Amino acid sequence: MKTVNTIVKILAALAAVTGIVYVVATYGDQIVACGGVAPYESRLDECFLLTIFVLPEYQGRGIGRKIIETLEADEYALRSKRIDLPASITGRDFYLKFGYAYKGGIKDLYPDRCYRLEKFL
């Protein structure tokens with residue numbers, strides 16, 4: 001079996017238009033994981049992680065870890081004191097392992113069926 005190509009590609013053109021930095025991990029020609037980081041509203045000392053996803057058949061191979069590490073090394077995260085993150089029901093435990101905690105101590109799902117997590121740096 002081939003190994004997953006975890007070289008992360010920055011989608012610079014999209015980032016220039018949206019202000020969101022996206023990264024993807026590929027296996028051959030297939031995108032198997034993605035994630036993004038953006039400023040939190042107009043605050044320069046906070047950022048927001050979004051759209052972090054790893055295809056189920058590629059989970060448990062360190063790809064999600066590489067995506068998180070890459071996003072947390074981005075300039076948005078490096079200048080931030082806090083990172084905000086909406087976590088899906090299935091992704092919550094993954095983020096908790098990386099030091100994210102329930103925002104405001106609220107462990108309930110929000111109406112959009114996500115948990116609100118945050119990490120102070």
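Isoleucine 52 has its place in strand E4, which spans residues 43-54; strands (E, at least two residues) and helices (H or I, at least four) are DSSP runs numbered from the N terminus. The model is a predicted one, in which local features need pLDDT of at least 70 and side-chain atom pairs count only at pLDDT 80 or more, whereas totals for chains, interfaces and linings use all residues. Residues are numbered from 1 along each chain as its sequence is written, and side-chain values use heavy atoms, with hydrogens and water left out.

With a relative accessible area of 18%, isoleucine 52 is buried, a term that stands for under 20% relative accessible area, while exposed stands for over 50% and partly exposed for values in between (1.4 Å probe, protein chains only). Apart from neighbours within four places in sequence, isoleucine 52 is in contact with Cys34, Gly35, Gly36, Ile67, Ile68, Leu71, Leu85 and Tyr95, where contact means heavy atoms within 4.5 Å. Leucine 71 lies 19 residues from isoleucine 52 in sequence, and their C-alpha atoms are 9.8 Å apart in space.

Strand E2 (residues 21-27) is mostly covered, since seven of its seven residues are buried. In a regular strand the side chains alternate between the two faces of the sheet. In E2 both faces are covered, with Val21, Val23, Ala25 and Tyr27 buried on one side and Tyr22, Val24 and Thr26 buried on the other. E2 pairs with strand E3 (residues 30-40) in the antiparallel sense over seven bridges, and pairing requires that DSSP find at least two bridges between the strands. Alanine 25 has alanine 33 as its bridge partner in E3. The two strands, E2 and E3, form a hairpin with two residues between them, and glycine 28 in the turn has a positive phi of about 65 degrees.

Arginine 116 is found in strand E7 (residues 115-120). Not counting residues up to four places away in sequence, arginine 116 touches Leu85, Pro86, Ala101, Tyr102, Lys103 and Tyr110.

The largest pocket is lined by 24 residues, and Val54, Gln59, Gly91, Phe94 and Tyr95 lie nearest its centre. On a 1 Å grid over the protein atoms alone, a pocket is an open set of points where a 1.4 Å probe fits, with protein on both sides within 12 Å along at least five of seven lines, and lining residues have an atom within 4 Å of a point. The largest share of this lining, six residues, comes from E4.
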